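Please find below a note for a colleague who is new to this structure.

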Amino acid sequence: MLLRAHDLYMTFLLNGRQLAKEIEDRLRDEIAIGTEKAGRPPGLAVIRVGDDPASEVYVSNKEKACSRIGVESFGSYFPEKTSEVELIDAIESLNKNDLVDGILLQLPVPQGIDEGLLLDHIHPDKDADGLHTVNLGKLIKGEKGPRSCTPAGVMALLARNNISLKGKRSVVVGRSILVGKPMALMLQAANSTVSVAHSETRDLIDLTRQAEILVVAAGCPLIIGAEHVQKNAVVVDVGIHRIGNGTSLSKSQAQKKLCGDVNFDEVAHIASALTPVPGGVGPMTVTMLLANTTILWQEHCGLSLTLGDLLP
Ligand code: NAD
């Protein structure tokens, strides 16, 4: 699982693409076995509102992933001007649909729509993204439940690469409900000592340099450079950005057309392990969505619960 990066780099790449494939293979097998007993496959409904081009790509990737492992997709698209009431009606009808095990609201939703309100209308037992208030509460209390996909994917990637967290100093950059906050809770539950940085944090460099484990989810291209990272830190880059004109990147980075919040070329000389962009956290996010959905399906259909170890 640990791949030697380019010879010039000191770091090992945390290969999310490979782990995602391994987990997908396992899910596909469980779905094939369970579908015979349950009489139906798992179902996932992804709700997309508005025309954000990145969301369109993400939703399409999620639907392709469903079809790879035998999850039935119940996608719904709503134009930007759809009212909250119409969206709540759509969610309620998916809550009642016995073929749907998981519901995901693709974020961000257009301005003016209250995403927290919509998320809390998803039934907690169908909450494929683990963002319902009840499921965030379960995370805080250490109870089992669907987990927020991106941080759950990060935890799986760290575990698979035998990166121990117990007693380690972790810093999470970002405090969103989608990534930063659940990430910090998961690291803390794994007995790491966690600090959270955000847009109002003073002296970011002082804080991030203390991190043995640094998870960056700020949504700012290349915000973390060599000066932010201590020698041999493990660095996880959640950020993902399309490279446009004006982004200052080396030729090898620019060829990838995507970059993260971390300046890969700089940090790869310092970190002991690092996630690439693309191919690090992104594929794990999709896979953990499939894991949440398949586990919910096993629960709804009274099947043996064989996948609990996949979630933190
Ligand atoms: P967000 O905008 O909701 O939150 C960003 C957080 O970063 C905020 O809490 C903010 O306080 C903090 N922040 C912003 N600027 C900062 C700075 N200069 N210093 C310190 N903190 C700062 O974003 P999000 O939804 O949490 O996503 C973060 C990034 O991760 C985005 O690039 C997003 O595209 C990406 N993302 C990737 C995946 C994936 O699967 N790879 C999944 C979700 C999000």
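The numbered points below treat the cysteines and then the pocket.

1. This is a predicted model, in which local features need pLDDT of at least 70 and side-chain atom pairs count only at pLDDT 80 or more, while totals for chains, interfaces and linings use all residues. Residues are numbered from 1 along each chain as its sequence is written, and side-chain values use heavy atoms, with hydrogens and water left out.

2. A search of the whole structure returns 0 disulfides (a disulfide being a pair of cysteine sulfur atoms within 2.5 Å). Cys 149 is in none, as the nearest cysteine sulfur, that of Cys 66, is 11 Å away. Cys 149 counts as buried, at 2% relative accessibility (buried is under 20% relative accessible area, exposed over 50%, partly exposed in between, with a 1.4 Å probe and protein chains only).

3. Cys 220 is likewise in no disulfide; the nearest cysteine sulfur belongs to Cys 259 and is 11 Å away. Cys 220 is partly exposed, with a relative accessible area of 32%.

4. The second largest pocket has a volume of about 420 Å³. On a 1 Å grid over the protein atoms alone, a pocket is an open set of points where a 1.4 Å probe fits, with protein on both sides within 12 Å along at least five of seven lines; lining residues have an atom within 4 Å of a point. Grid points are joined across faces, edges and corners, and the volume is the space filled by probe spheres set on the points.

5. Of the 26 residues lining this second largest pocket, Glu 143, Lys 144, Gly 145, Pro 146 and Leu 311 are the closest to its centre. Helix H11 gives the most to the lining, with 6 residues (helices are DSSP runs of H or I, at least four residues, numbered from the N terminus).

Key
Helix = DSSP H or I, 4+ residues; strand = E, 2+ residues; numbered from the N terminus.
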